[in-house]
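Here's a quick tour of one structure, with a helix pair, a salt bridge and some notes on confidence. Have a look at it first, then read on.

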Amino acid sequence: MIGIQHGMPFVISISLAYWNQKKAITEDVEPQNLSACGTMGLVTVIIVDMSGGLIEASGSSEDAVDSMRQHRRTMRDAVMTFKMAGVDIKLVSGDDDGLPALTAIASELGVYTADSTDHEAVEGQEIRNLSDGELKRRADRIKVMANFHPKDKLSMVQCLTENDHVVAFYGGSAARDALVLKAADVGISDKNSTEMAKKSSDIIISSYKTFNSLIPIWKYGRRAYYNIQKFIQLQLTVMVSSLVITSIATMALGDSPITLIQLIWVNLITWILGGLMLIKGPESRELDALPKAAGNRTEPVVTMGMRVYILTQILYQSSVLLVFLFKGQSIPGINRRVRKAIIFNSFALCQVFNYGNAMDLEKNWSNGGVERKGFLLVAFGTAVGVQVLVAEIWVRLNLMQWGFCFLLAALSWGLGLAMKALSPFMPNWSFKNISSHLRQSR
């Protein structure tokens, strides 16, 4: 329970702080809170406010027009990247340029298609005449929003949120946008935004011309929370398995085969290995292979696939180790002390091998994977070596007994590989949205 209440949040918070700092150094980005970059990875809708500069004004110089068009080409590439990953882009403007001008830009960027029945372009007055229910029904189809007041933008964000989307809002040209930035799951402004807007933002980028800098943040955010899910999976496995083993053994024999100090040691191993897993950066190839945005903010962190994996590991570890505890006394040469030592070592090694499973160490090591997976393999090997040394302090085991411990752990790894092979046939295996929990910490 201490591990769930304190260990997991501590390790996750450290990893998020690490990624925020890294993004602030390597990208044109300033995260403003702990969950900023991570929540960005879960976004399913991005509303881009085109007010105040992104629509060409009459009389602009030729150089300014060329610069604006170059920016739009870059932005179009970013829009395409987001759309291919399942993230919907919407354009909104509070300027008086009118719906035709904004629609033309939306079409140029690939946001809006005039002949599509799934795309709508509306003006603020039309939105203000709609009931809340009608706006909520049409919110997903609306791609272009012209002459929108800050209150209209806020209504749109709220409707999309009620439709279970994770919404990012990029704006801040007016101080009144602060409420919209606060209401969105991720509020994004730039250094030219008003001070009120910047204070209400989760992420500040250098300017609207660096909109594409949100792509690496979004990708790394996806990976960060995919890793957090795997870390939670590891932690829940060790917590529940230890609870089952110690509870049944204590009720049946009046004594637990795994002591409190040993449980703390196993948790320490999983925290350290999990922390390394969370902060180690992924390859670009791995980022591109991640699942698309989930699109439902109400779905749980622990997915159906994770539950099946955790339950399978709990049943395997608890049943095998308890059977050995109750029947092991019949094996010649194994006394009670040695039996408890084998159970402790097997249990600890199962968690270490599950870490290797979570890190996909069995996959190919081509391209940039050698350095990253080599680092994780060193951590894996170090954990195994330290566990052997620590276990020998309690009870010295012979080679056959150690071989039995490693066999049980290897079977746990094999079971995990089998579950991964079956994962495409399991519902809800892809990582799910947890931003609603994160927003409570803001």
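Predicted model: local features only at pLDDT ≥ 70, side-chain atom pairs only at ≥ 80, totals over all residues.

## Two helices face to face

Which residues in H13 meet which residues in H16? On the H13 side they are Val308, Tyr309, Thr312, Gln313, Tyr316, Gln317, Val320, Leu321 and Phe324. On the H16 side they are Phe404, Leu408, Leu411, Ser412, Leu415, Gly416 and Met419. Sort the residues of this contact by type and you get 11 nonpolar, five polar and no charged.

As for geometry, two packed helices are described by the angle between their axes and the distance between the axes. Here H13 spans residues 304-327 and H16 spans residues 399-422; they pack at an angle of about 160 degrees, and their axes are 10 Å apart. Angles over 145 degrees count as roughly antiparallel, and H13 and H16 are therefore roughly antiparallel to each other. Their crossing is right-handed.

## A salt bridge across the sequence

Side chains of opposite charge can pair when their charged atoms come close. The salt bridges in this model come to 13. One of them joins Lys153 to Asp49, with 2.7 Å between the closest N and O atoms.

Lys153 sits in helix H7 (residues 150-162) and Asp49 in strand E2 (residues 45-49), so the pair ties together parts that are 104 residues apart in sequence.

The chain's average pLDDT is 79, and 77% of the residues score at least 70.

Over residues 1-5 the pLDDT stays under 50, and the model gives them seven contacts beyond four places in sequence. Residues 364-368 also have pLDDT below 50, with 10 contacts in the model beyond near neighbours in sequence.

Notes: Residues numbered from 1 in each chain as written. Heavy atoms only, no water. Axes fitted to C-alpha atoms, helices over the stretch in contact; angles between N-to-C directions. Helix = DSSP H or I, 4+ residues; strand = E, 2+ residues; numbered from the N terminus. Parallel < 35°, antiparallel > 145°, perpendicular 65-115°, else oblique. Left-handed = near helix turned anticlockwise from the far one by under 90°. Contact = heavy atoms within 4.5 Å. Nonpolar A, V, L, I, M, F, W, Y, C, P; charged D, E, K, R; others polar. pLDDT = per-residue confidence, 0-100. Salt bridge = Lys/Arg side-chain N within 4 Å of Asp/Glu carboxyl O.
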